[in-house]
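Please read them with the structure open.

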Amino acid sequence: MALQLLNSKFRRILTKESDKWNPNGPWRLPSFAYTSEHKLAFLEREHYLLGDYSFGGVMHDVDKLFMYLTPFLKENNIQQIHRKHQPHHINEMQKKVKHLMEMYIDWDCAAITKPDKPLDAYATLLHFYQEQIMLMFPICLAIAPDRVSPFVMDLDEKRKGGYKAYLFQSEEYNRQWYQKARFCMATIAQGKELNIVNIINGNVHEMDPRELFYFCLGLMAQRRKQKINQENVQKILQEKYELFKKYQTFQCNKNIEPIKHDYKALSLNPFFI
């Protein structure tokens with residue numbers, strides 16, 4: 001059963017308070033509201049893409065809410081502690097595919113409630129976390145295949161001039177990471193279907209992109225209560241691979257549809273029936 005999270009009166013109260021946040025002023029209550037609103041967006045996006053609300057989703061960022069109520073902790077300390085100890089961020093605790101899936105939802109839902117973070121998860125990976133392509137490209141492909149292509153959302157004008165790892169900063173830099181993504185796509189598309197039972201206890205850092213992709217599909221099938229459409233999987237993977245072969249760099253696309261919230265529906269994912 002889908003809940004009216006971002007359409008609720010509670011969300012409107014949170015938005016009114018979170019809009020007061022500024023880096024130089026009183027921040028406790030606005031930051032608490034900002035994170036609470038993000039939690040609602042996370043749950044809504046999780047339900048839309050994966051089909052249910054998980055325990056991890058319910059507990060998402062709860063530690064930050066408690067720390068915001070601790071007067072002696074500064075905001076930057078809260079962010080550091082949170083990122084070090086929560087496995088949906090890149091750290092030593094991040095070992096399971098479900099952690100990567102949670103990180104994907106965390107990135108993808110940000111655009112719904114955070115005006116300063118308008119990118120979808122795939123573009124977030126390519127602009128800010130290129131070093132994680134081998135881990136997160138397969139997750140992006142499994143969860144939202146329509147978003148994965150050589151065409152990428154651009155950064156907003158305010159940020160792309162000052163961020164040193166900006167994907168489109170140079171053609172050579174772009175080509176470097178495109179080759180990585182294309183290799184990842186080839187690894188997934190050219191292998192045979194995997195039996196996820198054989199890798200069910202695998203550490204994500206010991207799995208190749210094909211194993212990550214199929215393991216993620218298996219978890220999604222359980223949560224969405226659907227079956228994997230093997231024929232479609234092979235067809236779409238091959239089409240994606242052929243598309244990536246046509247280019248040498250990522251192509252900037254400013255016309256990609258922005259993330260919208262939909263608390264009632266389950267996303268149409270061609271990998272499932």
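Predicted model: local features only at pLDDT ≥ 70, side-chain atom pairs only at ≥ 80, totals over all residues.

How many residues does helix α6 have, and how far does α6 reach from its first C-alpha to its last?

1. Helix α6, length. Helix α6 covers residues 97–113 and has 17 residues. From its first C-alpha to its last, α6 reaches 25 Å.

2. Helix α6, cover. Of the 17 residues in α6, 15 are buried. The helix is mostly covered.

3. Helix α11, length and cover. Helix α11 runs over residues 209–224, which makes 16 residues. Its end C-alpha atoms lie 22 Å apart, and 22 Å is also what 1.5 Å a residue predicts. Buried residues number 14 of the 16, so the rest of the structure largely encloses α11.

4. Helix α11, its two ends. Look at the start of α11: a side-chain oxygen of Asp-208 comes to within 3.0 Å of the backbone nitrogen of Arg-210. Then look just after the helix. Lys-225 there has a positive phi of about 60°.

5. Aromatic pairs. The whole structure holds ten aromatic pairs. One of them joins Phe-151 and Tyr-247, with 5.4 Å centre to centre and 80° between the planes. That pair is edge-to-face. It links distant parts of the chain, 96 residues apart. Phe-151 sits in strand β1 (residues 151–152). Tyr-247 is in the loop between α12 (230–245) and β2 (251–252).

6. The ring centres of Phe-213 and Tyr-214 are 5.2 Å apart. Their planes meet at 80°, so this pair is edge-to-face, the cut-off being over 60 degrees. Both Phe-213 and Tyr-214 are buried.

7. Ring cluster. Which residues do ring pairs link into a cluster? They are Tyr-122, Phe-137, Tyr-178, Phe-244 and Phe-250.

8. Surface patch. Phe-55, Val-58 and Met-59 make a nonpolar surface patch of about 320 Å². Val-58 belongs to helix α3, residues 55–58. Its relative accessibility is 43%, so Val-58 counts as partly exposed.

Key:
Residues numbered from 1 in each chain as written. Heavy atoms only, no water. Patch = residues over 30% accessible without salt bridge, like charges linked within 9 Å, V, L, I, M, F, W, Y side chains within 5 Å. Areas by Shrake-Rupley, 256 points an atom, 1.4 Å probe, with all protein chains shown as cover. Salt bridge = Lys/Arg side-chain N within 4 Å of Asp/Glu carboxyl O. Helix = DSSP H or I, 4+ residues; strand = E, 2+ residues; numbered from the N terminus. Buried < 20%, exposed > 50% of the residue type's maximum accessible area, 1.4 Å probe, protein only. Expected span 1.5 Å × (residues − 1). Polar contact = N/O pair within 3.5 Å; in protein donor to acceptor, adjacent residues only side chain to side chain. Phe/Tyr/Trp six-rings, centres within 6.5 Å; stacked < 30°, edge-to-face > 60°.
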